[in-house]
Amino acid sequence: MAFTILDAILALMVLVLGVAVVVLAQRSARLAEVNKGELEAAHREAQKTLEAARRQAEAVLEQARAQLEAAREEAQSLRQSALLEAQNLRQSAQAELERLRQQGEERLRQQLREERERLQAGLEAERASLKAERERLQSELQAIRAEREELRREAERLTRRSEQLDARAARLDEQEERLDTLERSLQNREAELAQREGQIELKLQEVAGMSREEARNLLLSRLDAELEEEKALRVKANLERIRLEVKREAQKLLALAAQRQASETAAALAVSVVPIPSDAMKGRIIGREGRNIRTFEALTGVDLIIDDTPEAVLLSSFNPVRREIARMALEQLVADGRIHPSRIEEVVEKAKNEMKTFIYERGEEAALEAGVVGLKPGLVQLLGRLHFRSSYGQNVLKHSIQVAHLTGIMAAELGLDAVLARRAGLLHDLGKSVDREIEGTHVEIGVTLATRFGEPKEVVDAIAHHHDPENGETLYAVLVAAADAISAARPGARRESLEEYLQRLEQLERIALSFPGVDHAFAVQAGREVRVIVKPERISDAKAVLLAREIAGRIERDMNYPGQVQVTVVRESRAVEFAK
């Protein structure tokens with residue numbers, strides 16, 4: 001029973017709510033015409049809902065009609081509460097609609113303000129662009145007016161220029177006519193002058209007895225002779241002046257270097273004779289059936305010569321290091337007295353180790369004496385090997401030390417790096433340490449070794465060009481070449497065989513005699529100077545200067561010699577008469 005009454009009450013509430021919704025929808029339609037379509041749809045939906053609710057309510061009322069009387073009072077109270085609730089809902093719906101209407105109006109006002117601001121900004125921009133365009137057009141108009149005025153003035157100027165050109169053309173026509181007249185008169189004069197020149201030339205040929213070509217050749221030959229004489233005199237004067245200046249400066253620099261560097265005139269050679277206490281020691285050295293001497297020669301690579309020389313034996317080898325190792329081992333064997341193959345092997349091995357240490361010590365001493373630091377151990381070892389290398393009897397290590405000192409002194413006087421110069425001078429003959437073991441010249445080997453050990457390019461250039469400094473890229477090559485010549489050419493520094501000495505003298509004289517006009521040639525001062533006596537009727541004073549230069553150039557190209565060779569050309573005229 002309660003359930004049925006509750007259903008009826010719910011149906012009534014639904015009916016009331018439907019009516020309220022319809023009323024609210026109608027009122028909303030009147031208030032918000034902009035949403036008319038949606039409200040109509042909502043109205044139709046509400047009507048449909050109302051119809052459904054009505055039918056449902058009728059069905060429920062039909063079912064609950066019998067029970068309605070009993071629950072009328074309760075329904076009446078419920079109706080009152082429903083009315084109150086519907087009224088509350090209506091008020092809340094009205095408030096919500098009012099709020100939505102206000103929000104919509106505020107949104108529309110905001111959009112209108114934004115659109116107004118945007119339109120104002122666009123209008124301002126358009127006004128600014130129009131103003132700029134107006135100003136640009138005004139400036140272009142002014143430029144066009146100025147250009148039009150300039151064109152007008154240019155047109156006036158061209159008009160005046162055209163008038164001037166017309167007048168000038170008229171004057172040029174008159175001048176051209178006058179020039180034509182003058183040209184015709186000049187042609188006539190030239191024809192007359194040519195005719196007269198021919199007549200004069202014929203008369204000159206008759207007087208001189210020679211043709212025009214012969215006279216030209218004679219004049220040119222005399223001019224060539226005069227020019228050659230003048231050229232020779234100028235060359236001689238310039239050469240003398242330059243030679244005096246260069247010689248003065250070079251002598252000053254070389255004298256200073258030579259005075260500050262003094263050393264022994266000749267270095268000692270490696271000794272190859274080993275003294276023994278008595279001749280009886282020779283038999284012990286030879287050993288039974290010669291086994292000791294064979295073992296010694298096989299281990300050292302040196303020929304041991306035992307002859308009739310009293311209390312001495314001879315060591316023969318082209319390798320000075322091997323010869324020195326053999327000397328050290330033999331002296332130790334002789335001092336010890338025990339000589340047999342196993343002892344020889346032990347002593348030779350010990351001598352080899354001592355020789356390595358000895359060579360390294362000689363290299364360190366040489367670097368210290370030359371004032372060169374920072375050499376790599378491999379370079380020091382190669383430098384020490386030069387102690388056993390000689391060139392024309394001169395010890396190469398002593399020579400390298402002296403070249404280092406001379407190069408450093410000259411570099412310091414010239415304002416160059418003296419330390420780098422001493423390094424280049426000390427290493428300039430580095431290739432001679434292994435030139436007997438590696439193919440190639442000592443220059444090529446030295447350049448390869450210096451490059452491998454990372455020496456500076458100035459040092460490598462000095463090694464490569466210390467025999468041809470004119471091809472060097474730095475001044476250090478020239479200084480090393482000069483110091484090398486000073487050290488090698490000083491008296492007593494080197495020795496030469498008599499045969500080589502005579503061949504050099506004969507070659508000097510032969511080169512001098514090969515030139516035309518030379519009467520005699522004499523090599524003097526141990527080949528340091530060649531004096532050339534010329535025929536005075538064939539060689540003039542000016543040609544003598546050129547002849548000396550040509551002979552010096554030929555000697556430089558065809559000969560190898562230490563130091564330098566002075567060429568002196570002597571020309572004299574003698575008049576001899578006898579009084580009877």
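Helices here are DSSP runs of H or I with at least four residues, strands are runs of E with at least two, and both are numbered from the N terminus. By that rule, L223 sits in helix α4, residues 212–260. We'll come back to that residue.

First, the ground rules. This is a predicted model, where local features need pLDDT of at least 70, side-chain atom pairs count only at pLDDT 80 or more, and totals for chains, interfaces and linings use all residues. Residues are numbered from 1 along each chain as its sequence is written, and side-chain values use heavy atoms, with hydrogens and water left out.

Now the overview. The chain has 16 helices and eight strands. Of its 580 residues, 30% are buried. Buried means under 20% relative accessible area, exposed means over 50%, and partly exposed is in between, with a 1.4 Å probe and protein chains only. Take contacts, meaning heavy atoms within 4.5 Å. Among those in the chain with a separation of 6 or more, 62% join residues 24 or more positions apart.

Back to L223. Is it buried, partly exposed or exposed? Its relative accessible area is 39%, so L223 is partly exposed.

Next, helix α8, residues 341–370. How far apart are its end C-alpha atoms? They are 43 Å apart, and at 1.5 Å a residue its 30 residues should span 44 Å, so the two agree. That expected span is 1.5 Å times one less than the number of residues. Among the buried residues of α8 are R343, I344, V347 and M355. What do the buried residues of α8 pack against? They pack against α6 (291–300), α7 (320–336), α9 (377–385), α10 (396–413) and α11 (418–426). After α8 comes G371, with a positive phi near 75 degrees.

On to the cores. A nonpolar core is a set of buried Ala, Val, Leu, Ile, Met, Phe, Trp, Tyr and Cys residues joined through side-chain atoms within 4.5 Å. The largest one has 37 residues, and L375, L383, L426 and L427 touch the most other members. Elements giving two or more residues to this core include α8, α12 (442–452), α13 (457–464) and α14 (475–489). Which element gives the largest share? That is α10, with eight residues.

Look at L427. Leaving out residues up to four places away in sequence, L427 touches L375, L379, L383, E455, V459 and I463. There is also a second, separate core of 26 residues, including M281, I344, V347 and M355.
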